[in-house]
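Dear colleague,

I am handing over the structure we spoke about, and below it you will find an account of what turned up when I went through it. Please read the notes with the structure open beside them.

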Amino acid sequence: MRKKILIVEDDVLLVKAISYEFEQENFEVFTAGNGEDGLAMAEEHLPDLILADINMPKMDGLTMLKELRATEWGKNILVIMLTNYSDEQRVLEALSQKAFYYLVKSDWDLSQIVAKVREKLGS
Amino acid sequence: MPSKSDVTMPGISADELDKTKDVYRSLQEKLEYLFDSLAREKINLELQMIEAKKFKLAVDSASDNIVITDSMGTIFYINKATENNTGYAFNEVVGKNPGELWGGKMKPEYYAEMWHKIKVKKEVFVGQFENVRKNGEKYIAAVDISSVLDEYGEILFFVSIERDITREIMIERMKDEFVGLASHQLRTPLTGIKWFSELLIRNKYNNLNAEQLDFLEQIKISNQRMVKLVNELLDISHIETGQKFEIKKADFKVNDVLNEVLTENISLIKTKTLNIINKIPDNLLIFADYVKIRQVLSNLVSNATKYSPANKDINISVVPDDGKGFAVISVADQGMGIPAAQKSRLFEKFFRADNARIQEPNGTGLGLYIARELIRAHGGELWFESDENKGTTFIFSIPLKIN
């Protein structure tokens, strides 16, 4: 069965690139443009893994992560934070909320991100 | 002068007269001497007054705030700059304590530390105060306070020299905020360029010719350079704002990081047919932040490959334990070396050695500065040994895995 991945990112161009890559790599891809929609999508589709940006309108990625962890269905979903920020406080906050990884977008090729996701999913 | 006994006075013997004359003569000599000394003293005093006037003029018109207080901190002198800067006139401050005027806004412990330094230790206090002008405006002052002692070592008075550094500090803060903000905002479009060029390069169904692919590679390389620059600027603004690097330590093999870094540099290594000699044992584990050590090694290895002539060796070796729980890792090239006169400046930010600048015009001069900060954040040290035209070895110490 194809693995389900949810991408929560407000920059339309980046969503286009990353979802294209994951579709090419045979994932089932869902997308959301902010944390609020991200939570709704996550509850509806129960993805195997969520890639989430931090700085987004309506609800930011760290708040989304916190709310996700407070739910029964969402507390064990794998989450990788994917962001522009590299400042330490955010990293620590994300990791304390059990985000499994924290990647600064511009440092990673798409193929490397796919490899990380596969590694985490064991697929 | 009349000679002995050529004058006579009734009732006074010639002898007595002579004695009296001697006494007068000696008195006269003493008076002459005294007069001379007084004249000299007067000239001295006049000179001293001129000196004092010069000093007073200098102090009065100095551009820094100069405040002189007695040993209790009561003001008896302020210069013009202090008047202008604080808004208080000379008459308003004499007899008062700076704490009642522009000062007194810091924590009591800070002042206690200051008093201890100047009054007990009788040393110079150097610090920063956040003060308030008469109009209520805050300002930041860099302050030097020294105690002036008498010949018995007792405090005569305190001299405080203050410089208003509010503007410098504001500019510094704005600069750091700008760098931080600009770098974050730059990352999104940079990521777009990175990812889309990657998709084009890797697309199996594309019909791009070799030249078009080469152009895309160039876009990708330029993009990588900008990503690196943005990362370096962020690191610098991080260091400059006094934030400590958060070190997330874990055990890992040095060779795992090293192999990643060597792969990163593989194209240049191949083009120059460099001989990489890695003597680090495969079981060498260190206890450090993987990402940050990767950044340091990436900097050292890419420098070594960049500045090494073709067909030379790059030696990577280790002293597995320095006896203090640190591994000492070195990366040595056989390149042009660092000019002796520029060695002391190598770790300055934005500094680049002349020969490096000629060979590689595109560097930023930030990599080594950041690398050393990263190693220091681990409790280690980064240094180098270099002979011009023979090569350079960069060496760093890093905590070993704890058993």
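**Chain A and its fold**

Chain A contains five helices and five strands, and read along the sequence these follow the pattern β-α-β-α-β-α-β-α-β-α. Please keep in mind throughout that this is a predicted model. Of the 123 residues in chain A, 37% are buried, and among the contacts in chain A with a separation of 6 or more, 61% are between residues 24 or more positions apart.

**The annotated aspartate**

One position in chain A comes with a note from a record: UniProt, in an unreviewed entry, places the feature "modified residue: 4-aspartylphosphate" at Asp53(A). In the model, Asp53(A) sits in the loop between β3 (49-52) and α3 (61-69) of chain A. Is Asp53(A) buried or exposed? Asp53(A) counts as buried, because it has 27 C-beta neighbours inside 10 Å, where 20 or more are needed. Not counting residues up to four places away in sequence, Asp53(A) touches Val8(A), Glu9(A), Asp10(A), Gly61(A), Leu82(A) and Thr83(A).

**Where the chains meet**

Turning to the two chains together, 17 residues of chain A are in contact with 14 residues of chain B. On the side of chain A that touches chain B, the elements giving two or more residues are α1 (12-24) and α4 (88-96) of chain A, and α1(A) gives the most, with six residues. The residues on that side of chain A divide into eight nonpolar, three polar and six charged.

In soluble globular proteins, nonpolar side chains tend to be buried together. The largest nonpolar core here has 38 residues, of which Val296(B), Leu297(B), Leu300(B), Ala371(B) and Ile398(B) touch the most other members. Two or more residues of this core come from each of α7 (254-264), β8 (285-288), α9 (290-307), β9 (313-319), β10 (326-332), α11 (367-377) and β12 (391-399) of chain B, with α9(B) giving the most, at seven residues. Leu297(B), leaving aside its neighbours within four places in sequence, is in contact with Val257(B), Leu258(B) and Val261(B). There is also a second, separate core of 31 residues, which includes Leu39(A), Leu62(A), Leu68(A) and Val117(A).

**Loop residues in chain B**

Most residues other than glycine have a negative phi. Lys122(B), although not a glycine, has a positive phi of about 55°, and its place is in the loop between α4 (108-120) and β3 (125-132) of chain B. With 14 other C-beta atoms within 10 Å, Lys122(B) is partly exposed. Asn311(B), also a residue other than glycine, has a positive phi near 65° and lies in the loop between α9 and β9 of chain B. Asn311(B) is exposed, with 10 other C-beta atoms within 10 Å.

The loop between β9 and β10 of chain B holds Asp321(B). Why does Asp321(B) count as exposed? It does so because 12 other C-beta atoms lie within 10 Å, and a residue is exposed at 12 or fewer. Between Asp321(B) and Leu284(B), which are 37 residues apart in sequence, the C-alpha to C-alpha separation in space is 10.0 Å.

With best regards

How values were computed. Residues are numbered from 1 along each chain as its sequence is written. Chains are lettered from A and ligands numbered from 1 in the order in which they are written. This is a predicted model: local features need pLDDT of at least 70, side-chain atom pairs count only at pLDDT 80 or more; totals for chains, interfaces and linings use all residues. A nonpolar core is a set of buried Ala, Val, Leu, Ile, Met, Phe, Trp, Tyr and Cys residues joined through C-beta atoms within 7 Å. Helices (H or I, at least four residues) and strands (E, at least two) are DSSP runs, numbered from the N terminus. Two residues are in contact if their C-beta atoms, placed from the backbone, lie within 7 Å. Ala, Val, Leu, Ile, Met, Phe, Trp, Tyr, Cys and Pro count as nonpolar, Asp, Glu, Lys and Arg as charged, and the others, Gly among them, as polar. UniProt positions are given in the numbering used here, feature names are shortened, and annotations may be inferred rather than shown by experiment.
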